[in-house]
Amino acid sequence: MLKITRKSLLYKSGVEYADYCLNHIEGCSHGCRFPCYAMMMKKRCGVIKDYNDWIKPKIVGNALELLDKEIPKLKHKIKVVHLCFTTDPFMYKQKEVSDLTLKIIKRLNDDNIRCTVLTKGVYPEELADTDKYGKNNEYSITLISLDKDFKKSFEPGAAPYEERIKSLKYLHDKGLKTWVSMEPYPTPNLVKQELIKILDKISFTDKIIFGKLNYNVKVTEFQDNKDFYEERANTVINFCDNHGIDYHIKYGTKKKDDKKTEKIFRSQSPDRLKLYSLKQAQLTV
Ligand code: SF4
């Protein structure tokens, strides 16, 4: 895998569930076609040329050295580090990426810095070793469908849905905190599916975040998209209420936003974790 060097790694995030963030890879072989917001931004800034460039990830070769320099300066400020906003930390079948991610999580945990991790890949079982990795990390997957054809078109390089769920369930069964990002949830003109069947697969998880699909003309072409998202969000809320799962509906998904549910991101760090406008917070993974 190609390597790049960066001048810095940790940066302050503008989102609700982590105060700091890092991205130790440039690009992502999952190659999502929703489109991928991170790819659009990198293209706009001239960092990558096109989609083909994006799906050939480049590793930040000096990531661990940067952390050694940055952690001592920042560790008293940082409560939670999120991996990642502009790439996927457990890119499917990219061992080099996963190995580096594990080292980074361990490096942060060694200094008592908690991590939240979001992937469309597969979690290595060794994360359940809480002597090595922190037991307060939170692990999450993105899951918006169970339809294989939809995955082939929209998340071509990502892990099969069942593998993602299985690896998350493994960490849950080992006592670790997990959540599921159901965003960007597609409209029926993209895939016909029953939301409840997807929810049933993840009934073990601690939190669910549900949000609409943005930046895709197909959503606006679907005439009843506002009613559709209202109804689906209510399905998620009822399901979570019945299963004792915390939830948050991303702003702009329901006709009327409920700001109270933001609190699920504060459950472990009420003193430090800042809340920001969820409208700005588009999960990239
Ligand atoms: S997994 Fe995330 S970062 Fe990777 S292509 Fe898909 S949306 Fe983009």
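1. Two strands are taken to pair if DSSP finds at least two bridges between them. Helices (H or I, at least four residues) and strands (E, at least two) are DSSP runs, numbered from the N terminus. The model is a predicted one, in which local features need pLDDT of at least 70 and side-chain atom pairs count only at pLDDT 80 or more, while totals for chains, interfaces and linings use all residues. Residue numbers start from 1 along each chain as its sequence is written.

2. Strand β9 (residues 177-185) joins two neighbours. With strand β8 (residues 138-142) it runs parallel, over 5 bridges, and Thr142 has Ser181 of β9 as its bridge partner. With strand β10 (residues 207-212) the pairing is again parallel, over 5 bridges; here Trp179 is partnered by Lys207 of β10.

3. A residue counts as buried if 20 or more other C-beta atoms lie within 10 Å of its own, as exposed if 12 or fewer do, and as partly exposed in between, with C-beta atoms placed from the backbone. In β9, 8 of the 9 residues are buried, so the strand is largely enclosed by the rest of the structure.

4. β9, helix α7 (residues 195-201) and β10 form a right-handed β-α-β unit (right-handed: with the strands pointing away from the viewer, the path from the first strand over the helix to the second runs clockwise).

5. Helix α4 (residues 95-110) has 16 residues, which at 1.5 Å a residue should span 22 Å; the end C-alpha atoms are 22 Å apart, which agrees. The expected span is 1.5 Å times one less than the number of residues. Buried in α4 are Val97, Leu100, Thr101, Ile104, Ile105 and Leu108. These residues cover an arc of only 140° around the axis, which puts them on the same side of α4; the arc is that of the directions from the helix axis to the C-beta atoms. Lys95, Asp99 and Asp110, on the other side, are exposed. Just after α4, Asn112 takes a positive phi of about 60°.

6. In helix α1 (residues 37-44), the buried residues are Ala38, Met39 and Lys42. They fall within an arc of 100° seen down the axis, so they line one face of the helix.

7. An open sheet of 3 strands has the order β1-β5-β4, with mixed pairing. β1 (2-4) and β4 (25-26) stand at its edges with a single partner strand each, so one side of each lacks a neighbour in the sheet. β1 runs parallel to β5 (residues 58-60), joined by 3 bridges, and Lys3 has Ile59 as its bridge partner in β5.
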